[in-house]
Each structure stands twice: as C-alpha cells, then as structure tokens.
Amino acid sequence: MALPEDDLSTSQALVIDPNPTSRSILVSQLRDFGVANVVQTARLVDARRQLEYRKFDVVLCEQHFPLEAMTGQDLLDDLRRNQLLPFFTVFIMVTGEATYAKVAEAAESALDGYLLKPHRSSQLGERLRQARVRKLSLQPIFSAIEADDFATAAKLCQERFESRGKFWLYAARVGAELMLRTGQTDQAQKLYQAVVQAKTLPWAKLGVARSLLDEGQTAKAVSTLENLISEDPTYTDAYDVMGRAQFEQGKFDAALATYQMASTLTPASITRMQNLGLMSYYCGDHAKAEKILDRTTRMGLDSKMFDCQTLVLLAFIRLELADRKGLQRCRDDFLRLIERQPDSARHQRLYGFVAALQLIEQSQYAQVLEVVRTLCSHAHDPEFDFESASNLLALLAQLADKAIQLDEVDPVVDALALRFAGTRALSELLAGAAALYPPYPERIRAAHARILKLAENAMSMSLKGNPGGAVQDLLTHGTSTLSGKLIETAYLVLHRYSDKIDNAPALTEQVHDLRTRYSTHITRASLGEPKRQAGGLILRTGGQTAKAAG
C-alpha cells in the first residue's frame, strides 16, 4: 500500500526488534509502502552501530528488549544526546506497552510517533505520513538552521509559537534551543516559561533550569531541578543538568551521587557511564572509577559516543595499580581510536599522555622527561586547554611521587593553576588531578586564592570610581598569568562602565584579543568532550552541528 502523495522509493529504513516474526512483519509493511532499502537488526547494540555510521530516513524500534539492559527509549535518548539522529529521520517506537506515561514520555522526547502492537499496515502508514508532514511543516525553520541563519530560524520559531501554528510546541523547543546556543539566555528562559504556562511539560521546565544555569543563577536552577525531579524521579535529563550544576559549584560528592542515579536509571548509556566514571576519578575513588571506566571502554570503544579522556584516566589508574597489561590495552585501544580519526588533534594530544604513562611503567625515565619538558613548553600556548592542564598536572604528580624531579616543574604548576584555576570548581578539579603529590594541590589552591585577591582588588578599585584603572590592572595581571578569571572580569567591568572609561576602545581591543586567543570566555568545568546539553535538541546545520550552549 503506497502512502498518498509520498514517494518512499529512495528512502532507507532500519527496523529494530528482537522478535523475528514482528521484525519480519514491519519489514514487509515498509516494503509494501515502497521503501527502497530496509535494514533489520535484533539487537540495540547493532542498531546503535548502524545509526552511528549510516543515515536512515525511517527507524522503527521496539521499546522492550528482554535480553538487553537498554530499551528503545534509551537508544533514542543516547542518539539525541550525542548528535547522531538527523532532523530528517523519522523515529517511531513500536511496542505493546499502552500506558499513558510511556506515550507522554515519547511525545516529550521529540519522538515522531508511537505505534501500539498489534497494529494494521494502515496505522503504520498514517504514523509515517503524520511524521513526514511535521518535517515538511517545519522545513523553513530547519532550512534556515542548515544555512547557519540562526536569527531567522529563531524568529520563525517564535512566530510559530505565538500564533499557535502547527507543531508550535516543537517549534518553541527548537527556538529556545537556538537562543541558548547563541547566548540569548533571557529570551530562551521567557520562551520556556511561556511553554510551561501554556502546557506544563518536563522538557520546558528543564529548559528554564538550563537557561538559569547559563545565566549564572545556579541556586535558582538547582531549586527548579529539585522540584522537577521530585515531580518525576525517573526524568534522567534532569539528573544530567543537576549533576552539571553541582559540578560547576564544586560540589563533587553531590554531583557524583546525581550521576550515579542517572546511570542507574539508564545502565546502558555510554555517556552517563562516562560521566560517572570521570566524576568518581576526580572524587578520588579510583577503585570504583577503574571498574566503571573499564566497562565504558569495553561497551563503547567503537561508538561515536565514547570520549577518549576515558582511556587517559584509565591509564593513570592502571599505572597506580602497576597493571602492565591493562596499561598496554589502554594504549592499544587509543591507537584504534586514532586509526579511525587520524586527523584529530585532540586524539593525538591525549595519546601522548598515555604513551608517557607507559614509559613510566617501563622505567624509561629519560624519554619520559623529554616528553614532559615538551608538554611543559606548551603550557602558555593558546591551544593548551583545561583538559591538557589537568592531565599534565596528573603526569607531573606521578613523576614527583616517584621522586623524579625537574627543576622547571614548580613554576609550570603555578602557571597552570594561575591560568586555569579561576573558580573553586576548576581549582578543585586541578587539585584532584594532582592529588597523588600533596604539595601540588597546595600550590594550586594558593594560586586560586591569589587570582581571587587580584580580582577583588580590581573590583574594589572600580567601585571607588576608577573602572578604567581596574580594567588596566586586570589586563596587566591577566596578560602575565593568562587567567581566564581576570580577563573575563576585565571584560565585564569594561562592558558595564565603558562610558566612564576614557580609553575604552583601546582597552576593548586588548580584551577582545585575549578572550579570542585564549578562549577565556569558556570558564566552565566539563567532564571529557562536551556533548549535547542534557534536555536540549540537536540542531544539525549545513557546516556543523549546532549544540546547546553550555
């Protein structure tokens, strides 16, 4: 039975169902509709691999897989979280579960349809038609996004929401996402709140919390999240954002408990397992971290969702355990990642740390010192980021713990701390990375206190009527330390008092140059490589994937 005015002859579909009879029926129905190529699989792990490396126009997925830890919903969530499901793909859940809660959950997760078994061919056809109608209806919005014209896309979303046109809730969600991505947190918050008032939905409440967090109103964000979690204790995206809020506050133990809950609710989620493993490491529980990170690697190494920092921390732990074979596996696994992405500068950079750890295990200290000196020489480079600083400090602590001293190390530790330890959370992350050698955490915390004192002195100068002097002072110290905290404080003072500063244009140029070259506007701590912001949607653009801010 062909769908009216809907040619599927060039489409590709994927059917995911553990039951061979059910799977056969779905494949047959899709072929009756004229779908050109239908791929089928009985396991979610195989489906994930297919979806990571191929594009499908239609995905029909069973909700329950009795022999797997994941559900169809878990797969969908992981795909969305990691930017692996293009807008044009129609994703329909096919299941025998008919409870309202599951249907509501599906609708709120931006699912395209929910089909209850047993179903007729005409019912599947109608779901496909409805989903494709929505895609067509929102095409102007996503055409603007693909052209990187985010202002037009956001305006079209706002207009669709205000007019209550077709799919206005989904348009509102996309519009708010665009506003968050472009830093318009206040407008995004208003749009999310308008959705809550019009039709209370968990994702809209979560959007309010995300926008509050992006504005720096962490306490309000946490309060909103606590209420949301109390209303729906199984809403895993809320735990993700709560963990992020606690992480940024430096409340690592609380963040660890939150990530544990999220991972418990979705045990097959690679990204949530990574978060839990990385957080366990930075909280000092290396025994627990080793088990989780090892499981993450075994389960997700071939997945695009896998983050290579997992292998770096796993290598540090295995060196501490004197696990020669385990350390070799880390190196071998990393080489597999590099083989798949040979042009990744991040992969090459992080692989250097794993190789250095293996040299330490092999007592090749002369080679290790040569590697460390090279790494230290790049500590002031614009491309040297927080992740590199954290790993280098951990590597230096390993050497110091083994009484392998370098004369130039202490100044490097101080330089890294002054540059990156601008907030309590960042300071404690660096201290945690260097915890194996206690003098280093002391130096890191002392540098953090010094940066805060310099910022306070400048703010005091500004409040006493000399904002120009404050900006100049901040720029002087910011240039010498490359402190993101000082450079960003200079930017804020200049932005607020520009009309009272005589040489504002010249100072603005200096601040802009420092912010751009050293990316000091990115001041948040993060675990591994940032993925999709929890609770948000992935907006694929023409040149790149648009992610939610944060």
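Is Asp46 buried or partly exposed? Asp46 is partly exposed, at a relative accessible area of 23%, where buried means under 20%, exposed over 50% and partly exposed in between (1.4 Å probe, protein chains only). What you're looking at is a predicted model, in which local features need pLDDT of at least 70 and side-chain atom pairs count only at pLDDT 80 or more, while totals for chains, interfaces and linings use all residues. Residues are numbered from 1 along each chain as its sequence is written, and side-chain values use heavy atoms, with hydrogens and water left out. Helices (H or I, at least four residues) and strands (E, at least two) are DSSP runs, numbered from the N terminus.

**Salt bridges**

- Side chains of opposite charge can pair when their charged atoms come close. A salt bridge here is a side-chain nitrogen of Lys or Arg within 4 Å of a carboxyl oxygen of Asp or Glu, and that rule gives a count of 27.
- Asp46 pairs up with Arg49 in one of these, at 3.3 Å from N to O. Both sit in helix 2 (residues 44-53), three residues apart, which is about one turn of the helix. Arg49 counts as partly exposed because its relative accessibility is 40%.
- Lys117 and Glu62 form another salt bridge, with their closest N and O atoms 2.7 Å apart. This one ties together distant parts of the chain, 55 residues apart: Lys117 is in the loop between strand 5 (113-116) and helix 5 (121-137), and Glu62 is in strand 3 (residues 58-62). Lys117 is partly exposed at 28% relative accessibility, whereas Glu62 is buried at 8%.
- Asp214 meets Arg244 in a salt bridge at 2.6 Å, N to O. Here too the pair links distant parts of the chain, with Asp214 in helix 10 (residues 202-214) and Arg244 in helix 12 (residues 236-248), 30 residues apart. Asp214 counts as buried at 15% relative accessibility, and Arg244 counts as buried at 8%.
- There's a network as well: Glu290, Asp294, Arg298 and Arg318 are joined by salt bridges that share partners.

- Helix 10 has 13 residues and spans 18 Å from its first C-alpha to its last, close to the 18 Å expected at 1.5 Å a residue. That expected span is 1.5 Å times one less than the number of residues.
- Why call helix 10 largely enclosed by the rest of the structure? Because twelve of its 13 residues are buried. Among them are Trp203, Leu206, Val208, Arg210 and Leu213.
- After helix 10 comes Gly216, with a positive phi near 90°.

**Helices 7 and 8**

- Two packed helices are described by the angle between their axes and the distance between the axes. Helix 7 (residues 150-163) and helix 8 (residues 168-181) pack at about 145°, with their axes 8 Å apart. The axes are lines fitted to C-alpha atoms, for helices over the stretch in contact, and the angles run from 0 to 180 degrees between N-to-C directions.
- On the helix 7 side, the residues that meet helix 8 include Phe150, Ala153, Cys157 and Phe161. Their partners in helix 8 include Trp168, Val174, Leu178 and Met179. Contact means heavy atoms within 4.5 Å.
- By class, this contact has eleven nonpolar, two polar and two charged residues. Ala, Val, Leu, Ile, Met, Phe, Trp, Tyr, Cys and Pro count as nonpolar, Asp, Glu, Lys and Arg as charged, and the others, Gly among them, as polar.
- The loop between helix 7 and helix 8 holds Phe167, which has a positive phi of about 60° although it isn't a glycine. Phe167 counts as partly exposed at 29% relative accessibility.

**Other backbone details**

- Lys117 turns up again here: its peptide bond to Pro118 is cis, with omega near -10°. Pro118 lies in the loop between strand 5 and helix 5.
- Ser363 isn't a glycine either, yet its phi is positive, about 60°. Look for Ser363 in the loop between helix 18 (345-361) and helix 19 (365-377), where it's partly exposed at 46%.
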